[in-house]
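Dear colleague,

I am handing over the structure we spoke about, with the sequence and the model shown just below. After it you will find an account of what turned up when I went through it.

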Amino acid sequence: MEYKGAIFDMDGLLFDTERIYQQTWQEIAAETGVKLDGSFVKAISGTNGRHMCRVIERYYKVPDGTAIMDECMGRIRRKLSVHVPVKKGVHEILDFFQKKGIRIAVASSSDVRQIESNLETAGIRGYFSAVVSGTEVRRGKPEPDIFLCAAERIGCAPGVCFVFEDSENGIKAGYAAGCTTIMIPDLMEASSDILPYCGKICRDLLQAEQEISRMLKD
């Protein structure tokens with residue numbers, strides 16, 4: 001197969017920011033007297049909008065999760081305005097795709113302003129032909145909308161695009177879109193349930209680059 005596109009999630013995949021999100025969720029929980037159990041990380045990762053609100057409502061035991069979501073996002077923006085930690089292998093895999101003439105997009109559940117700010121702060125905005133936020137599509141991950149939109153914006157059929165994700169919600173979304181999914185687990189290891197949805201599972205983006213290089217030669 002001749003691949004033409006590569007679509008990247010952002011938090012926990014390009015940037016080591018998922019830990020910052022989880023720390024912030026925990027800060028707010030402690031301030032409101034809530035104890036988040038271990039399943040919260042998996043439930044909230046890769047979500048946005050109404051889906052995120054439903055998760056917040058369930059775990060924080062509130063009737064409307066909007067205020068907590070907005071507070072968390074505000075704190076995150078302030079923290080990331082100072083420093084955005086880049087994950088291992090990001091520059092290498094972006095260089096690889098750029099040299100191959102493969103068009104690159106970001107498809108993240110985060111607000112578009114946060115995506116653009118992170119990419120600019122990290123100095124990698126120039127690699128990306130398109131940026132898609134979860135706020136721009138009707139249904140968030142694990143539904144395929146965001147990856148279908150990203151593929152369209154870079155002018156590629158989903159079937160000739162790679163999708164790189166760290167979350168199971170994201171992998172399911174990429175699979176549903178018809179893309180070749182590459183999982184790079186971040187805070188949680190891949191469960192046995194997600195294996196049928198993964199084209200490959202790699203420890204980091206450096207290994208992913210090596211695997212894809214072999215795929216493109218075959």
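In what follows, two rings of Phe, Tyr or Trp (for Trp, the six-membered ring) are called a pair if their centres lie within 6.5 Å, and the pair is called stacked if the planes are under 30 degrees apart, edge-to-face if they are over 60 and tilted for the rest. Please keep in mind throughout that this is a predicted model. By the ring rule, the count comes to 12 aromatic pairs.

One of these pairs is formed by Phe 8 and Phe 97, whose rings are edge-to-face, at 6.2 Å from centre to centre and with 70° between the planes. This pair links distant parts of the chain, since Phe 8 belongs to strand β1 (residues 5-8) and Phe 97 to helix α5 (residues 90-100), 89 residues apart. Phe 8 is buried, with a relative accessible area of 0%, and Phe 97 is likewise buried, with a relative accessible area of 0%. A further pair, formed by Trp 25 and Tyr 60, is tilted, with 6.3 Å between the centres and 55° between the planes. Because Trp 25 lies in helix α1 and Tyr 60 in helix α3, this pair ties together parts of the chain that are 35 residues apart in sequence. Both Trp 25 and Tyr 60 are buried. Ring pairs also link Tyr 3, Phe 8, Phe 96, Phe 97, Phe 162 and Phe 164 into a cluster.

Now to the chain as a whole. Its secondary structure comes to 9 helices and 6 strands. For 218 residues, a compact globule would have a radius of gyration near 17 Å, and the 17 Å found for the chain agrees with that. The C-alpha trace spans about 55 × 35 × 30 Å along its principal axes, and buried residues make up 54% of the 218 residues. Of the contacts in the chain with a separation of 6 or more, 63% are accounted for by residues 24 or more positions apart. The accessible surface comes to about 10000 Å², and 49% of it belongs to carbon and sulfur atoms.

The 6 strands form an open sheet, with parallel pairing, in the order β3-β2-β1-β4-β5-β6. At the edges stand β3 (130-133) and β6 (200-201), each with a single partner strand, so one side of each is left without a neighbour in the sheet.

Within this sheet, strand β4 (residues 161-165) pairs in the parallel sense with strand β5 (residues 180-183) over 4 bridges, and β1 and β4 also pair in the parallel sense over 4 bridges. How many of the residues of β4 are buried? The count is 5 of the 5, so β4 is largely enclosed by the rest of the structure. In a regular strand the side chains alternate between the two faces of the sheet. Both faces of β4 are covered, with Cys 161, Val 163 and Glu 165 buried on one side and Phe 162 and Phe 164 buried on the other.

Leaving aside residues up to four places away in sequence, Val 131 touches Val 106, Val 112, Ile 115, Glu 116, Leu 119, Arg 125, Glu 136 and Arg 153. Its C-alpha atom is separated by 21 Å from that of Arg 78, which is 53 residues away along the chain.

Finally, helix α1 (residues 18-31) has 14 residues and reaches 20 Å from its first C-alpha to its last, close to the 20 Å expected at 1.5 Å a residue. Its buried residues are Glu 18, Ile 20, Tyr 21, Gln 22, Thr 24, Trp 25, Ile 28 and Ala 29, and what covers them includes α2 (40-44), α3 (49-60) and α4 (66-80). Just after α1, Gly 33 takes a positive phi of about 75°.

With best wishes

Notes:
Residues are numbered from 1 along each chain as its sequence is written. This is a predicted model: local features need pLDDT of at least 70, side-chain atom pairs count only at pLDDT 80 or more; totals for chains, interfaces and linings use all residues. Side-chain values use heavy atoms; hydrogens and water are left out. Helices (H or I, at least four residues) and strands (E, at least two) are DSSP runs, numbered from the N terminus. The expected span of a helix is 1.5 Å times one less than its number of residues. Buried means under 20% relative accessible area, exposed over 50%, partly exposed in between (1.4 Å probe, protein chains only). Contact means heavy atoms within 4.5 Å. The radius of gyration is taken over C-alpha atoms; the globule rule is 2.2 Å times the number of residues to the power 0.38. Accessible areas come from the Shrake-Rupley method with a 1.4 Å probe; for residues, only the protein chains shown count as cover. Two strands pair if DSSP finds at least two bridges between them.
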